[in-house]
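My entries are set down in the order in which I made them.

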Amino acid sequence: MTTTRQEGGSASGPTVLRILLGTQLRKLREAKGVTREDAGWEIRASESKISRMELGRVGFKERDIADLLTLYGVVDVEERAALLALARQANTPGWWHRYGDILPNWFQSYLGLEAAAALIRSYEVQFVPGLLQTRDYARAVIVLGHADASPKEIERRINLRIDRQQVLERPDPPRLWAVIDEAALRRPIGGLAVMRAQVEALIQATKLPNVRLQVVPFHAGGHAAAGGAFTILRFPDEELPDVVYIEQLTSALYLDKREDIDRYAVAMERLCVAAEPPTHTSDILDRTLRDLDAS
């Protein structure tokens, strides 16, 4: 993968499986000394198609994978079977496929990465992280961004956000380490009642063993992530690099170059130092509740 702005392309299947298979295909091709152009010719495709396959950005035809394995000299029956099985799995639509009518391709990519992550580290400035939002708070946030959407579309977007949260409740959940700017807690999105319920939900979330929550207080002043919100995803498979995700209004950035990841990792570490320790989070949230009640 390279630093990219994803605005199109297929991303409806398990993103990480495609990346894993693409990585294996690239290694096999390079070990055999085959160029992308020659590989493309073998499957009646272009050099750029091979590049997109190796980066995991397109789906796979099982026949193409079989032809490439032959070209790369993979004759072991079990090895071929395993890679072909991986190709079939990589083409299986993810749970979010049913929301395809409201999901841009660039966000489908993120959902695939989020579902496969072992560690999700995020910094939020304006809003509570999506994985921790209540239904009413999510509705208020979504209406802000989709004011012209129909009530039916709004409900579907809310359901998508709530369905995303199931990743934290599965048997092998990722660890979520979220750092929230105090402004996100003080801004009454949806009104005082909605915000109060949201803060109460955050208090409950801090009790989950796989969730760590920190707050950057106003008195911390400026900090390393002044540029805005971002998320760093880490995966259990060592073949996959960390990915930095930065969402924008109509697209998103996916960064996985080593120098980019290192810069954002340092910024995240500095944020965690500037923030109040996780052991103080419940007290901060309790104080926020009292202030909301006094409003």
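The entries below begin with conventions and then turn to individual elements.

**Conventions.** I worked on a predicted model, in which local features need pLDDT of at least 70, side-chain atom pairs count only at pLDDT 80 or more, and totals for chains, interfaces and linings use all residues. Residues are numbered from 1 along each chain as its sequence is written, and side-chain values use heavy atoms, with hydrogens and water left out.

**Helix α1.** I took helices (H or I, at least four residues) and strands (E, at least two) as DSSP runs numbered from the N terminus. I found that α1 covers residues 15-32, 18 residues in total, and reaches 26 Å from its first C-alpha to its last. This is close to the expected 26 Å, the expected span being 1.5 Å times one less than the number of residues. I then listed its buried residues (under 20% relative accessible area; exposed is over 50%, partly exposed in between; 1.4 Å probe, protein chains only). Among them are V16, I19, L20, L25 and L28. Their cover includes α2 (36-42), α3 (47-54), α4 (62-71), α5 (77-90) and α6. Just after α1, I noted that G33 takes a positive phi of about 75 degrees.

**R44.** I located R44 in the loop between α2 and α3. Its phi is near 60 degrees, a positive value in a residue other than glycine. I recorded R44 as exposed because its relative accessibility is 53%.

**D242.** I placed D242 in the loop between β5 and β6. With a relative accessible area of 11%, D242 is therefore buried. Its side chain joins that of R234 in a polar contact of 2.7 Å (N or O atoms within 3.5 Å; within protein, one able to donate a hydrogen and the other to accept it, and residues adjacent in sequence counting only if both atoms are side-chain atoms). Leaving aside neighbours within four places in sequence, I found D242 in contact (heavy atoms within 4.5 Å) with residues including I232, L255 and I261.

**S150.** I found S150 in the loop between α7 (135-145) and α8 (151-164). S150 is partly exposed, because its relative accessible area is 37%. S150 and I180 are 30 residues apart in sequence and 30 Å apart in space, C-alpha to C-alpha.
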